[in-house]
Amino acid sequence: MRKNFRNVGFYPQPVLVVGTYDQDGIPDAMNVGWGGLVGGTYVELNISRGHKTTENIRQKRAFTLSFADQANLVAADYVGLVSGYDVPDKIARAGLHPIRSDFVDAPLFEELPLTLECQVVELTEEGPGGVRIVGRKDYLYTNGSRFTAAQLMPGGPDDHYTVWLDHEPRDFKA
């Protein structure tokens, strides 16, 4: 028998951590619940207007998008619960160590195993979920802790890479 459902999500969702710098170069991050791939080249985020991370993205037009693993769930949860407006040193308190990206004006985090480095190509203030941000995935960074050459391998003629994370294949544009 056929059944119809409303408000269905896609699960499981990855734990996504968005990294930014503020105007003074202080790193910030937040856990974002609404984000995902758009085609092979872009990611989309929907973030509330009042977050420090949202303001940083408006100013810098860049962000990193990291995938938290089991070992970093407490840190990822913390940066999602505490505002950078209220706790300016929340990155240190979370136990994360920022690394300056060579490609975008946003931080990488040493502990997080996989990070997309993104430039903003579209920012819409009037989105239904808050601010809609589309970023072009310029680079893929791995901290090397969980990947080998066999796990990060060219996936086809479009220069995509298949990343094996927790034995689940993920496809990213290089």
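Arginine 132 is partly exposed, with a relative accessible area of 24%; buried means under 20% relative accessible area, exposed over 50%, and partly exposed in between (1.4 Å probe, protein chains only). Arginine 132 also forms a salt bridge with glutamate 44, with 3.1 Å between the closest N and O atoms. Arginine 132 sits in strand β9 and glutamate 44 in strand β4, so this pair ties together parts that are 88 residues apart in sequence.

Keep in mind that this is a predicted model, in which local features need pLDDT of at least 70 and side-chain atom pairs count only at pLDDT 80 or more, while totals for chains, interfaces and linings use all residues. Residues are numbered from 1 along each chain as its sequence is written, and side-chain values use heavy atoms, leaving out hydrogens and water.

**The chain as a whole**

- The chain has 3 helices and 12 strands; helices (H or I, at least four residues) and strands (E, at least two) are DSSP runs, numbered from the N terminus.
- Of its 174 residues, 39% count as buried.
- The accessible surface comes to about 9,800 Å², and 52% of that belongs to carbon and sulfur atoms; such areas come from the Shrake-Rupley method with a 1.4 Å probe, and for residues only the protein chains shown count as cover.
- Among contacts (heavy atoms within 4.5 Å) between residues at least 6 apart in sequence, 56% join residues at least 24 apart.

**Salt bridges**

- Side chains of opposite charge can pair when their charged atoms come close.
- A salt bridge here is a side-chain nitrogen of Lys or Arg within 4 Å of a carboxyl oxygen of Asp or Glu, and by this rule the count comes to 10.
- Arginine 93 pairs with aspartate 89, the closest N and O atoms being 3.0 Å apart. Arginine 93 is exposed, at 56% relative accessible area, whereas aspartate 89 is partly exposed, at 38%.
- Arginine 136 and aspartate 138 meet in another salt bridge, at 2.6 Å from N to O. Arginine 136 counts as partly exposed at 31% relative accessibility, while aspartate 138 counts as buried at 17%.
- Salt bridges with shared partners join Glu44, Glu122 and Arg132 into one network.

**Strand β4 and its partners**

- Which strands pair with β4? Two strands pair if DSSP finds at least two bridges between them. Strand β3 (residues 35-38) pairs with β4 in the antiparallel sense over 4 bridges, and β9 (residues 130-142) runs antiparallel to β4, joined to it by 6 bridges.
- Valine 43 is a handy landmark: leucine 37 stands opposite valine 43, and glycine 135 is the bridge partner of valine 43 in β9.
- The hairpin of β3 and β4 has 3 residues between the strands, and there glycine 39 takes a positive phi near 65°.
- Tyrosine 42, in β4 (residues 42-47), counts as partly exposed at 32% relative accessibility.
- Val38, Tyr42 and Val121 form a nonpolar surface patch, with about 210 Å² of accessible area together. Patches are made of residues with over 30% relative accessible area and no salt bridge: like charges are joined within 9 Å, nonpolar side chains (Val, Leu, Ile, Met, Phe, Trp, Tyr) within 5 Å.

**Aromatic residues**

- The structure holds 1 aromatic pair. Phenylalanine 103 and tyrosine 139 have ring centres 3.7 Å apart and planes at 20°, so the pair is stacked.
- This pair links distant parts of the chain, with phenylalanine 103 in the loop between β6 (98-100) and β7 and tyrosine 139 in strand β9, 36 residues apart.
- Rings of Phe, Tyr and Trp (its six-membered ring) pair if their centres lie within 6.5 Å; planes under 30 degrees apart count as stacked, over 60 as edge-to-face and the rest as tilted.
- Phenylalanine 109, in strand β7 (residues 107-109), is buried, with a relative accessible area of 0%.
- Not counting residues up to four places away in sequence, phenylalanine 109 touches several residues, including Gly19, Ile91 and Pro98.

**Around helix α1**

- Helix α1 (residues 52-60) has Lys52, Thr53, Thr54, Asn56 and Ile57 as its buried residues.
- Most residues other than glycine have a negative phi. Arginine 61, in the loop between α1 and β5 (62-67), has a positive phi near 60°.
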